[in-house]
Amino acid sequence: MLVLVEQSLNGLQFGLLLFLLAAGLTLVFGIMDFVNLAHGSLYMMGAYFAATFVAWTNSFVLGILMALGATLLLGIALEFIALRHLYGRDHLDQVLATFGLILFFNDAVRLIWGPAGLSLPLPSWLTVPVQIVPGVFYPAYRLSIIVVALAVAAMLYLVVMRTRIGMLIRAGASNREMIGALGINIKLLFTLVFGLGAALAGLAGLMQAPILTVQIGMGENILILAFVIIVIGGIGSIRGAFLAAIFVGMIDTLGRAFLPDLLRTVLSSAAASTAAPALSSMLIYLLMAIVLVVRPEGLFPAAKR
Amino acid sequence: MKSSTINARNVVVALVALGLTLLPVYSALTGNIFILTLFTRIIIFALAAASLNLIMGYGGMMSFGHAAYLGIGGYAVGILAFEGIGSGFIQWPVALAASALYALVIGALSLRTRGVYFIMITLAFAQMAYYVTSGLSRYGGDDGLTIYKRSTFGGLIDLSNRTQFYYLCLACLFGGIYLIWRIVNSRFGMVVQGVRSNEQRMQAIGYHANRYRLVCFVISGTICGLAGALLANNTDFVSPAGMYWTRSGELMVMVVFGGMGSLFGPVIGTIVFLLLEELLSQFTEYWALIMGPLLLLIVLFARGGIMGVLGRLSRD
């Protein structure tokens with residue numbers, strides 16, 4: 001029971017991180033019709049920036065804030081220099097160009113920080129276990145990830161649904177040409193949205209950094225998970241991304257935690273221990289396959305254009 | 001487009017084909033073995049790229065998961081060799097059948113979607129295949145599986161002989177391209193290309209668009225599975241790393257470099273890409289620092305790839 005609570009919280013935490021990543025991706029896709037594979041690189045850069053700035057400033061909070069700003073600036077610079085020339089191009093062109101960017105970022109990181117991974121040590125006030133319900137302790141840091149991610153998700157919802165900028169973003173998603181014709185500076189809006197997406201990816205990366213090692217290619221596997229989430233949730237839908245992310249985070253985490261034991265009750269222990277790792281890593285893809293069969297548009301497709 | 005047979009494009013294609021055919025002679029005369037092994041690899045990847053071009057260039061299906069077939073074809077050879085079945089007459093058909101089966105299942109699912117979804121889904125399924133092979137602990141798991149003995153063909157051909165293996169790969173490449181040429185120009189191929197241009201119209205005149213797409217997808221996967229079997233024999237090794245998603249991306253790059261939807265384009269694209277990679281990595285360890293932005297520039301400024309540029313040259 002205790003393990004179940006703990007693993008569910010881990011799943012929730014992982015799901016929320018995936019949401020931060022998927023939200024930026026789906027926002028950029030929904031509004032600019034742009035597929036950005038390099039989104040995972042921004043996630044990686046967020047983590048590297050955090051590890052570097054925290055070491056420089058000797059302050060966890062300050063370092064993290066600087067890293068967030070740096071990722072935002074990097075995203076804006078990237079959009080300004082390269083990516084804005086790709087809007088309106090074929091999706092294949094966008095995929096290939098941003099694939100090139102991934103190659104570039106991976107080698108740039110290797111050149112600057114070296115091939116070995118970095119670690120981002122937590123300050124002592126974040127390492128204490130917190131008692132969430134009587135008898136159940138949970139690491140403060142993971143708990144704070146959940147809180148921060150939930151807060152960001154709520155803020156994102158408020159910004160998109162309740163502010164003028166958000167209104168423009170939604171309008172841009174449903175009809176780009178029209179809001180341009182109405183005199184909105186659409187280039188600025190696009191840069192802004194891209195920066196926002198980059199900051200979200202960076203935030204996800206830097207929050208994940210203390211849990212995993214900061215390493216080259218860390219953004220790639222999680223990017224593919226973000227794709228799975230977008231496919232399940234429905235492209236362009238933030239609500240869909242949120243629900244699908246939680247769902248995928250839970251299933252992935254719980255599957256890895258409990259599937260081996262579950263299989264052991266059905267199969268022989270040797271067969272279970274060979275099948276379990278493969279099966280648990282397949283789980284979310286199977287889920288995606290099922291969603292595709294039942295609802296090819298995703299579970300919560302954005303409104304038809 | 002002019003239909004004159006002698007133009008820049010055809011001359012380049014003929015020269016490349018001739019060069020590939022005569023390469024072992026050059027290698028034997030100069031004693032340069034490196035170039036032979038390099039080009040064996042290039043030819044195998046060219047076959048994979050050509051198969052991807054069939055669905056990308058002609059079918060309009062942007063598969064971002066083609067490396068999976070390389071892995072499946074390779075693992076079929078590797079696993080059978082590991083279990084003591086060394087005959088290529090068993091290994092290779094199994095490799096092809098396994099790739100075809102995988103393509104059938106993945107294709108049937110992925111083809112329920114279009115465009116970006118399709119790119120993402122093929123990518124995700126290939127990543128799933130990657131994880132599954134990583135979990136095969138009996139066959140090396142993450143570390144991969146060494147193949148101690150190349151496929152045997154009952155004395156017909158010796159795959160350990162560099163020159164014979166090279167010509168086998170070349171024959172597979174030319175055979176594959178011939179097959180693709182026949183497919184593209186057949187009634188079936190016309191329908192597939194029609195579906196790419198206008199799916200609704202093809203549906204309206206009574207074609208099951210997705211059925212044609214799926215068959216095309218399976219053919220492409222099967223050819224790529226053959227490339228996988230060749231690759232496993234070439235490296236004497238298969239590992240999940242060989243089907244990592246960047247490999248799929250590289251295959252796409254090869255196709256686009258050469259010119260999507262042109263029969264010989266992927267071969268030229270593969271040669272350019274892999275030679276460039278080889279050259280850059282001799283020059284600097286951080287070759288991707290140059291390759292990445294280069295790719296961006298090519299996408300931005302050289303539409304239609306090398307074949308497209310050559311085609312424009314010969315029209316002037």
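Let's start inside chain B, at G74(B), which sits in helix α3 (residues 67-82) of that chain; helices here are DSSP runs of H or I with at least four residues, numbered from the N terminus. This is a predicted model, where local features need pLDDT of at least 70 and side-chain atom pairs count only at pLDDT 80 or more, while totals for chains, interfaces and linings use all residues. Residues are numbered from 1 along each chain as its sequence is written, chains are lettered from A in the order in which they are written, and side-chain values use heavy atoms, with hydrogens and water left out.

Is G74(B) buried or exposed? With a relative accessibility of 1%, G74(B) counts as buried, a label that means under 20% relative accessible area, with exposed being over 50% and partly exposed in between (1.4 Å probe, protein chains only). Its C-alpha atom is 4.7 Å from that of G228(B), although 154 residues separate the two along the chain. If you leave out residues up to four places away in sequence, G74(B) touches G228(B), A229(B), A232(B) and V238(B), where contact means heavy atoms within 4.5 Å.

Now look at helix α1 of chain B, residues 8-30. There is a kink of about 45° at L22(B), shortly before the proline P24(B); the bend at a residue is the angle between axes fitted to the seven residues ending there and the seven starting there. That proline is one of the buried residues of α1(B), and R9(B), V13(B), L20(B), L23(B) and S27(B) are buried too. Just after the helix, G31(B) takes a positive phi of about 70°.

S134(B) has 18% relative accessibility, so it counts as buried. Setting aside neighbours within four places in sequence, S134(B) is in contact with G141(B), D142(B) and P240(B). Over in chain A, S41(A) is found in helix α2 (residues 39-57). At 4% relative accessibility, S41(A) counts as buried, and beyond four places in sequence this serine touches I102(A) and F105(A).

On to where the chains meet. How many residues does each chain bring to the contact? Chain B gives 42 residues and chain A gives 42 residues. The area buried between them is about 4,100 Å², with 78% coming from carbon and sulfur atoms; buried area is the accessible area (1.4 Å probe) that two parts lose on being put together, summed over both. Y117(B), M120(B) and W245(B) supply 16% of the area that chain B buries against chain A, more than any other three residues.

The polar side of the interface comes to 10 residue pairs in polar contact, both residues at pLDDT 80 or more. A polar contact is a pair of N or O atoms within 3.5 Å; within protein, one must be able to donate a hydrogen and the other to accept it, and residues adjacent in sequence count only if both atoms are side-chain atoms. On chain B, α5 (115-134), α10 (245-258) and α12 (288-301) each supply at least two residues of the side that touches chain A. Of these, α5(B) gives the most, with 12 residues. By class, that side of chain B has 31 nonpolar, 7 polar and 4 charged residues; Ala, Val, Leu, Ile, Met, Phe, Trp, Tyr, Cys and Pro count as nonpolar, Asp, Glu, Lys and Arg as charged, and the others, Gly among them, as polar.

Finally, the charges. Side chains of opposite charge can pair when their charged atoms come close. The whole structure has 11 salt bridges over all chains, each a side-chain nitrogen of Lys or Arg within 4 Å of a carboxyl oxygen of Asp or Glu. Across the interface of chain B and chain A there is 1 salt bridge: R110(A) pairs with E285(B), and the closest N and O atoms are 3.1 Å apart. R110(A) also meets D107(A) in a salt bridge (3.0 Å, N to O). These two are 3 residues apart in helix α4 (residues 91-113) of chain A, so about one helical turn separates them. D107(A) is buried, with a relative accessible area of 7%, whereas E285(B), at 52% relative accessibility, counts as exposed.
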